[in-house]
Amino acid sequence: MKLFISDFKKSFCTLKTLVCILAVVIVSLLCYNQDLSYIFSNNENANTSITELIDYLIGIGVFRNIILIIISIPFVGIFCDEWNNKYIYSVLSRCNIKKYVASKIISCAVGSLVVNFIGLTLLVGLLLFFIPLSGEQTVINFISDVPYGILVEKYSVLYLLLRIFIFSLFSGIWCVFGLFFSALIPNKFVSCVMPLIGYYFIGNLCDYLPDFLNINRIANCSNILGSNALLTFIYSLLFYIALVVIFIMLFYKAVRRRVNNEFN
């Protein structure tokens, strides 16, 4: 636990991470460029809400691509740094490889999730000064969107937090994939672009899987288990936790092989 806290502080409590959080907000606003220009210039006629804007934003391919690069910067390259400057041997002298690997993967998953979540939540807070959270038309548009659409009518804030949280989980998994790959090729640049590459190649392959195993469908809050919102959310959370556990095992094997080869 102490190692995880240390790793999380080392990668999260930095100026770089703060810049990445602000970058999430800025990139989001840039993706809204034309929409916001229309809303502000036609305020009385514009019939939209923050709920619709966030839902639209998360579905934009370009936005996802840029966000994956941004949130990977503080976390994905940490193994490369520790391997290339030999700091890893100092850490492994105080703990075993299993604890080291688990700490790195979990801090990467949690850190990238938090950066994305805070960035998009700040965006929502900023938009609240200009645009309503929801509206009658929003409720009509979302009420049939199962499993979470029913929340929009009375619990718009909960819907937005769920939508942002699940998308942040989705993004965090690809950062974990990049961290795992850094043990195969300890190059910081390669590691930071691997989340995007993994998203494209593995994500496209997932489209051939059943809906309940399709990471893209889960990230889009699609109806994968029926209309039960609570059951779908719990399943989505367990699905991502299972992926983290798998990457811990893969990362452990890759790190152990690399360390053994170094000493042999």
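Guide: We'll go from the overall fold to single residues.

Visitor: Before that, where does the model come from?
Guide: It is a predicted model.

Visitor: OK. How many helices and strands does the protein chain have?
Guide: There are 13 helices and zero strands. Along the sequence the pattern reads α-α-α-α-α-α-α-α-α-α-α-α-α.

Visitor: And why does the protein chain count as compact as a globular protein of its length?
Guide: Its radius of gyration is 20 Å. The globule rule gives 18 Å for 264 residues, and the two values are close, so the protein chain is as compact as a globular protein of that length.

Visitor: What box do the C-alpha atoms fill?
Guide: Roughly 70 × 40 × 30 Å, taken along the principal axes.

Visitor: How much of the chain is buried?
Guide: Of the 264 residues, 48% count as buried.

Visitor: What caps its N-terminal end?
Guide: Asn-96 does, at the N-terminal end of helix 8. A side-chain oxygen of Asn-96 lies 3.2 Å from the backbone nitrogen of Lys-98.

Visitor: And helix 10, what should it span?
Guide: Helix 10 runs over residues 156-182. Its 27 residues should span 39 Å at 1.5 Å a residue, and the end C-alpha atoms are 39 Å apart, which agrees.

Visitor: Is helix 10 enclosed or open?
Guide: Largely enclosed by the rest of the structure, because 23 of its 27 residues are buried.

Visitor: New topic. Which residues have a positive phi without being glycine?
Guide: Lys-86 is one of them, with phi near 70 degrees. Cys-221 is another, with phi near 60 degrees.

Visitor: Where do they sit?
Guide: Lys-86 is in the loop between helix 6 (78-84) and helix 7 (87-92). Cys-221 is in the loop between helix 12 (215-219) and helix 13 (229-263).

Visitor: Buried or exposed, then?
Guide: Cys-221 is buried, with a relative accessible area of 8%, and the cut-off for buried is under 20%. Lys-86 has 41% relative accessibility, so it counts as partly exposed.

Conventions. Residues are numbered from 1 along each chain as its sequence is written. This is a predicted model: local features need pLDDT of at least 70, side-chain atom pairs count only at pLDDT 80 or more; totals for chains, interfaces and linings use all residues. Side-chain values use heavy atoms; hydrogens and water are left out. A polar contact is a pair of N or O atoms within 3.5 Å; within protein, one must be able to donate a hydrogen and the other to accept it, and residues adjacent in sequence count only if both atoms are side-chain atoms. Helices (H or I, at least four residues) and strands (E, at least two) are DSSP runs, numbered from the N terminus. The expected span of a helix is 1.5 Å times one less than its number of residues. Buried means under 20% relative accessible area, exposed over 50%, partly exposed in between (1.4 Å probe, protein chains only). The radius of gyration is taken over C-alpha atoms; the globule rule is 2.2 Å times the number of residues to the power 0.38.
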